[in-house]
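Me: I'm new to this one. Can you walk me through it?

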Amino acid sequence: MSSSNDRIVHDPATVDPGDFYKLLTASIVPRPIAWVSSRSSDGIDNLSPYSFFSVSSTSPPVVQFTSVGGAKDSARNAIDTGQFVINIVSKSLMHLANDSSAGFDSDVDEFVEAGIPSTPATVVDCLRVADSPIAIECRLHRSIEVGNSVVIMGEVVALTVDPAIVADDGLPDYDKLAAVSRLGRIEWGMPGDTVDLDRPH
């Protein structure tokens, strides 16, 4: 660590990787949460939250999540079976999503263990979180190993939305969706204020 123009400079080559991970996750905030449900090739249902989550492409629609530290259960299931669901975590589901992040063994059904209601997905062969306002059903597009992590990209084959959170324009209403996010440390972000800004021409 050094200083430059009154800024603290952290060099990843000289900082412990675990400490740099904490610095990154406290800096890149808020991060949306992919609450990934999947099913193993042995038929065991899995559910776990991932805060490295974004859109990769819109045509075709592709979303991605990153499994830090290698292919954990969700990533491995997605690779093995070619399908998974990303459930959006609303404020009312935050504690359940956190509960599902525990280090369960691969042969444990997290839906059952954490007491999370489930329902079959509409297209892919695995479960989704019954009370999640939005479920993004995916088929594996590709997986990419990056450093100590695996990026899972899924082509969206269905996106189901609870009509109770839909605005007049047919899109999800931010306030009604009430999606939470991950911050640094053990902090979670609550839905906040919004500002409408027209893009410059």
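Me: In what order do the strands of the open sheet come, and how do they pair?

Reply: This is a predicted model, where local features need pLDDT of at least 70, side-chain atom pairs count only at pLDDT 80 or more, and totals for chains, interfaces and linings use all residues. Residues are numbered from 1 along each chain as its sequence is written, and side-chain values use heavy atoms, with hydrogens and water left out. Now the sheet. Seven strands make it up, in the order E5-E4-E8-E11-E12-E7-E6, and the pairing is antiparallel. Strands are DSSP runs of E, at least two residues, and helices are runs of H or I, at least four, numbered from the N terminus. Two strands pair if DSSP finds at least two bridges between them.

Me: Which strands stand at the edges?

Reply: E5 (45–50) and E6 (53–58) do. Each has a single partner strand, so one side of each is left without a neighbour in the sheet.

Me: How are neighbouring strands turned against each other?

Reply: By 35° on average, direction ignored. The axes behind that angle are lines fitted to C-alpha atoms, for helices over the stretch in contact, and angles run from 0 to 180 degrees between N-to-C directions.

Me: How many bridges join E7 to E12?

Reply: Seven, between residues 61–68 and residues 149–161, running antiparallel. In that pairing Val68 stands opposite Ser149.

Me: And how many join E6 to E7?

Reply: Five, again antiparallel. Ser54 has Gln64 in E7 as its bridge partner. A hairpin through two residues joins E6 to E7.

Me: Switching topic. Which aromatic residues form a cluster?

Reply: Tyr50, Phe65 and Phe84 form one. The structure holds three aromatic pairs. Rings of Phe, Tyr and Trp (its six-membered ring) pair if their centres lie within 6.5 Å; planes under 30 degrees apart are stacked, over 60 edge-to-face, the rest tilted. Tyr50 and Phe65 are tilted, at 4.9 Å centre to centre with 50° between the planes. Tyr50 sits in E5 and Phe65 in E7, so this pair ties together parts 15 residues apart in sequence.

Me: How does Phe65 pair with Phe84?

Reply: Edge-to-face, 5.5 Å centre to centre, 80° between the planes. Phe65 is in E7 and Phe84 in E8 (residues 83–87), 19 residues apart.

Me: Are Phe65 and Phe84 buried or exposed?

Reply: Both are buried. Buried means under 20% relative accessible area, exposed over 50%, partly exposed in between (1.4 Å probe, protein chains only). Tyr50 has 9% relative accessibility, so Tyr50 counts as buried too.

Me: Which residues have the most contacts inside the largest nonpolar core?

Reply: Val36, Val63, Phe65, Phe84, Ile86, Ile136 and Ile152, in a core of 19 residues. E4, E7, helix H2 (73–81), E8, E11 (134–146) and E12 each give two or more residues to this core. Apart from it lies another core, of 14 residues, including Leu47 and Trp188. A nonpolar core is a set of buried Ala, Val, Leu, Ile, Met, Phe, Trp, Tyr and Cys residues joined through side-chain atoms within 4.5 Å.

Me: What about Ser37, buried or exposed?

Reply: Buried, because its relative accessibility is 0%. Ser37 is found in E4 (residues 34–39). A polar atom of the Ser37 side chain lies 2.7 Å from the backbone oxygen of Leu127.

Me: What else does Ser37 touch?

Reply: Among others, Asn46, Phe84 and Phe111, not counting residues up to four places away in sequence. Contact means heavy atoms within 4.5 Å.

Definitions and conventions:
Polar contact = N/O pair within 3.5 Å; in protein donor to acceptor, adjacent residues only side chain to side chain.
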